[in-house]
Amino acid sequence: MAAPKYPGFDTLALHAGAAPDPETGARATPIYLTTSFVFRDSDHAASLFNMERAGHVYSRISNPTTAVLEERIAALEGGVAGIATASGQAALHLGLATIAGAGSHVVASRALYGGSHNLLDYTLRRFGIDTTFVDPRDIDAWRAAIRPTTRVLFGETLGNPGLDVLNLPVLGQLALDHKVPLMVDSTFTTPYLLKPLDHGAHLIYHSATKFLCGHGTVIGGLLVDGGNFDWVASGKFPELTEPYDGFHGMVFAEESTVAPFALRARREGLRDFGATMNPMAAFQILQGVETLHLRMPRHVENARKIVEFLTRHPMVESVSYPELPEHPDYELAKTLLPKGCGAVFSFSIKGDRAAGRRFVESLKIFSHLANVGDARSLVIHPASTTHFRVATEMLEASGIREGTMRLSVGLEDPDDLIDDLTRGLKAAQKGA
Amino acid sequence: MLLSVNGHDAYAYTGGKSFNPALPTLVFIHGAQHDHSVWILQSRYLAHHGYGVLALDLPGHGRSGGAALESVEAIAAWVIAVLDAAGIAKAALIGHSMGSLVSLEIAGTQPARVTKIALIGTANPMRVSPELLNATRDDEALAQDMVNIWSHSTYAAKPSNPGPGFWIVGENLRLMQRIKPGVMHTDFVACNAYAKGRERAAAVACPALLVLGADDIMAHPKGARELQTDIAGQRTVLVKSCGHALMAEQPDAVLDALKGFLA
């Protein structure tokens, strides 16, 4: 007898969580633009409110369109449950707020998206959640930073801006040794390039705005419970293992052996914080996910061609991409990211901020804006935008030079992209 | 709720409220490589609608201590010991898969302790293919994948379980991965070896309900024919668009069948 097999990634990307609509036969997932759902009778209503039946009550808590996306991302990640949020930032906040509170501590990679850094370093401190930032490659620093109050280790699968490859197997084990989960931002890699749960992570979130949506059209986030962390055995998470007064004394870890985190995140976090994804956005992100397995290889293929071009260009000082032998995580990337290291990376041109400005202003295909993961190619010059107030010496402490550019390579003809970059580099050189 | 049975912890989920032995008692008995959480919606609903609920973790599973028991008869004796420990004279037994055989065994041997039985995803005999049985012994990860794939009839069960956003295929796999190594083989050997089904079925004196998944390939509906013949007055509910993971794929249909039967 041949062993049965699960559907492949490409099939799940199209079908997981979605079947033809039983009422209408609609093949695509319908957009259920409704705030609320009619109860069959009073008992049905009461049982939905008390979580005795599964179903939809109010679209802040759940919605049929959004639920398809949630199940699909859980399936693609190999997890147990997904929760769709209003943005990637909302997903990070929901993930942290579900298991951390005043007096809790987080150990985080210092190679983070600026918005994540802001949340941890400024906003959450105001609410009593303290964070220690560490060099993501310094495992001893991670270990040394862990305190009795630490509730989660957190990093990006590919760090910002140097594409530090997070050592998931080592950090996942370190987290387990200290009875806390490892949560990762997997936005740059998507489940097509990396499935963090297979390598040691326990919780994942995405800015679905980026490659999952893939077209630069909507803002959204997705949080995934891997179902592979034993909250009861940990003993550090009374939020999940002791009665919760906010839901009739519910003990989430008794209700779900494998995913009490997802239960509380929805039943408390979506209910009370309310940063829910709207069903129109869920539909658009679903559209993107359905071609993720086609788009990501092309993103990577184009990125590799551009990396190769840039490494040989005389105006380019350095390129940071983990597939280059000089990148500090070259070997780790070969292990964790054999399909590619994504399509967002940084490089530095020779010259000062003015040269950088000339470069971005002369590009015609690359759009100068603050986003990544679009089908269109994007560029940003940190020294004249996100970090324009930062002095040169402080910039370099962040791994950014005056001529550093971040590219998000899109799906255009790679020869046209290279022509565009050639034009930009020539412009930068002319003024030098 | 934790009881002490045979010197070990015996865990029972009580439906999100304190167990009241004065109410009619329902005992939920899970199947192989599972725990109480497979019953979460049905047991929670019934606990809030007039029943005292004990959704058990069998020995060696979930939060219950001790080693997994090696036969259906031994599990049945343990369930009776749980009733004794809880001070319950009679209960309705609701079993899934292996748990349905346990319910049948108790109903056929100790009718005074049983008010009703509901056998969900049941078959008799409950033969396990040699390939699967060997895999449970030699390669649990493979065996778990086999069972997980064969247990689901769809990759888009709605409204999901225990609620929207849950990917029940991944949920079931993770649950099986939580159970201690070695338990899976013990459970499947117990199912495969149980040979008293017809005898016990003929002795059932209480009302009996069979709930079968129309698309179940782990316990095909045809496998319940002997039980339908042998259990006097049994009722069968065939749930459409449903595999072996009945409580997850069709939670409302299973609950509604139970509600009607238990009322």
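**Figure 1. Burial and overall dimensions of chain B.** Of the 263 residues in chain B, 59% are buried. The model shown here and in the following views is predicted. Chain B comprises 11 helices and eight strands. The C-alpha trace of chain B extends over about 45 × 40 × 40 Å along its principal axes. Among contacts in chain B with a separation of 6 or more, 77% join residues 24 or more positions apart.

**Figure 2. The contact between chain A and chain B.** Chain A contributes 41 residues to this contact and chain B contributes 35 residues. On the side of chain A that touches chain B, at least two residues each come from α3 (64-77), β1 (81-85), α11 (252-255) and α12 (260-272) of chain A. The most is given by α3(A), with five residues. By residue class, the side of chain A that touches chain B consists of 20 nonpolar, 14 polar and seven charged residues.

**Figure 3. The two domains of chain A and the contact between them.** Chain A is divided into domain 1, covering residues 9-289, and domain 2, covering residues 295-430. The centres of domain 1 and domain 2 of chain A, taken over C-alpha atoms, are separated by 30 Å. Their contact takes 22 residues from domain 1 of chain A and 28 residues from domain 2 of chain A. Helix α8 (residues 190-193) of chain A gives the most to the side of domain 1 that touches domain 2, with three residues. That side of domain 1 of chain A divides into 10 nonpolar, nine polar and three charged residues.

**Figure 4. A five-stranded open sheet in chain A.** The strands of this sheet follow the order β8-β9-β12-β11-β10 (chain A), with mixed pairing. At the edges are β8 (316-320) and β10 (367-368) of chain A, each of which pairs on one side only. Strands of a sheet pair through backbone hydrogen bonds, in either a parallel or an antiparallel sense. Between β8(A) and β9 (residues 344-349) of chain A the pairing is antiparallel, over four bridges. A:Ser320 has A:Ser346, in β9(A), as its bridge partner.

**Figure 5. Helix α16 of chain A against the sheet.** Helix α16 (residues 353-362) of chain A lies across β9, β10, β11 (378-380) and β12 (404-408) of chain A. Relative to β9(A), helix α16 of chain A runs at about 125°.

Key. Residues numbered from 1 in each chain as written. Chains lettered and ligands numbered in written order. Predicted model: local features only at pLDDT ≥ 70, side-chain atom pairs only at ≥ 80, totals over all residues. Contact = placed C-beta atoms within 7 Å. Nonpolar A, V, L, I, M, F, W, Y, C, P; charged D, E, K, R; others polar. Pairing = 2+ DSSP bridges. Axes fitted to C-alpha atoms, helices over the stretch in contact; angles between N-to-C directions. Buried ≥ 20, exposed ≤ 12 C-beta atoms within 10 Å, placed from the backbone. Domains from an automatic or database assignment.
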